[in-house]
Amino acid sequence: MAMRLPRPSPRVWLALLLIVLGGVLTFIEQSNVRTPGPVPTDSAGEPDFYLEGVNLTRFDAQGRPHQRLATPRLVHTPHNDMTRAETPKARLLDNDGALWLASGQEGTLGADGNPLVLRGDAHLESPGEGWQLDTNVLHIDTVTNHAWSEGEAHITQPPQRMRGDKLDVWFDDDLMRLTGNVHGFHPPKEQAP
Amino acid sequence: LEGDASAPIEIAADRLELDDQAGTAVYTGDVDMRQGSMKLTGQQVTISRTDQGDVSRIEATGNRAYIEQKPSPDAPLAKGWGRTIIYHTLERRVELINQAELHRGQDTFTGAKVDYFLDRRVVEATSNGESDGGQDQRVRMTLTPQQ
């Protein structure tokens, strides 16, 4: 005579179903949780706060949003009131309302947010006029709207291009200056490479 | 030379100021500019562009500014000096102003102002320029007969 297992009752089936459903929901819940990035404790010191996915906007006296900074990660260190941003992208309006875009691998904002210093492939451009300026470290005084480099810089406005040992830009005056060992290349327009 | 006008302008200097409102590039300090066979030197060289972005005018100043250019492969260099030299690129005309002097082959021209038309190789000299320091800038020409 073969031994037969008793058939589970519907109540048991229901309990099993609930357990499986709970397990699936827990699994989904766990996968959505984003564990925060490592708290940066490097030579810059212990931060008091850090933010991720940041858009900073500064308004001028007329209430115009004239400066913006976007960065995936921003860290503030209280002992020097410095703010460090990863791969920052800045948008600045000069007093004519012309747009300037600036970016770098790393950025720092001094006490009360000035100056902005971009380090590593620092790039500045004026889309309206077609100017592009590239250097390694670029300082931008966001109060006087003056930018300057510490070292070699290149200015291009295709097809012309120029280089110098040091760069200065005065946004409000639409004036740029290269100093030291300056070389310029001005091809006729049709000869644009 | 034939290709000069379409050659790129290459320039070296101590400093450059780009004024986007005025559309000028001002090079200062031992400026040395080349365009094909043309060479222009001075203490300051200002490059002006048309609204379309073409180089229209190049002005050099110095004590004195200097320009040279090879009119054709077999012709000797044409050389010019002036406290101010203006190269009108679109007209292919060079103005030598104030203590102006032009050497073209064996011929020399001096005066307050000398105009040299590059393509036609025509020279016009005038003497009524305000000479500074009371220097006499009458027109003088030395034309050497062809042997």
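Start by selecting Asp60(A), which sits in the loop between β1 (49-59) and β2 (65-77) of chain A; strands here are DSSP runs of E, at least two residues long, numbered from the N terminus. Asp60(A) counts as buried because its relative accessibility is 14%, and buried means under 20% relative accessible area (1.4 Å probe, protein chains only). Now show the side chain: Asp60(A) reaches the backbone nitrogen of Gln62(A) at 2.9 Å.

A word on what you have open: this is a predicted model, where local features need pLDDT of at least 70 and side-chain atom pairs count only at pLDDT 80 or more, while totals for chains, interfaces and linings use all residues. Residues are numbered from 1 along each chain as its sequence is written, chains are lettered from A and ligands numbered from 1 in the order in which they are written, and side-chain values use heavy atoms, with hydrogens and water left out.

Next, pick Leu133(A) in strand β8 (residues 131-141) of chain A. Why does Leu133(A) count as buried? Because its relative accessibility is 1%. Leaving aside neighbours within four places in sequence, residues in contact with Leu133(A) include Trp100(A), His154(A), Val169(A) and Met176(A); contact means heavy atoms within 4.5 Å.

Now bring up both chains. Here 24 residues of chain B are in contact with 27 residues of chain A. Together the chains bury about 2100 Å², 48% of it on carbon and sulfur atoms; buried area is the accessible area (1.4 Å probe) that two parts lose on being put together, summed over both. On the chain B side, colour Leu18(B), Asp20(B) and Arg49(B): these lose the most area to chain A, together 29% of what that side buries.

Which side chains meet in a salt bridge? Zoom in on Arg177(A) and Glu17(B), at 2.3 Å, N to O. The count between the two chains is 1 salt bridge, defined as a side-chain nitrogen of Lys or Arg within 4 Å of a carboxyl oxygen of Asp or Glu.

Switch to cartoon for the last stop. Strand β13 (residues 175-186) of chain A and β1(B) pair in the antiparallel sense over 10 bridges; strands pair if DSSP finds at least two bridges between them. Along this pairing, find Gly184(A), which stands opposite Ile11(B) in β1(B).

Key. Helix = DSSP H or I, 4+ residues; strand = E, 2+ residues; numbered from the N terminus. Buried < 20%, exposed > 50% of the residue type's maximum accessible area, 1.4 Å probe, protein only. Polar contact = N/O pair within 3.5 Å; in protein donor to acceptor, adjacent residues only side chain to side chain.
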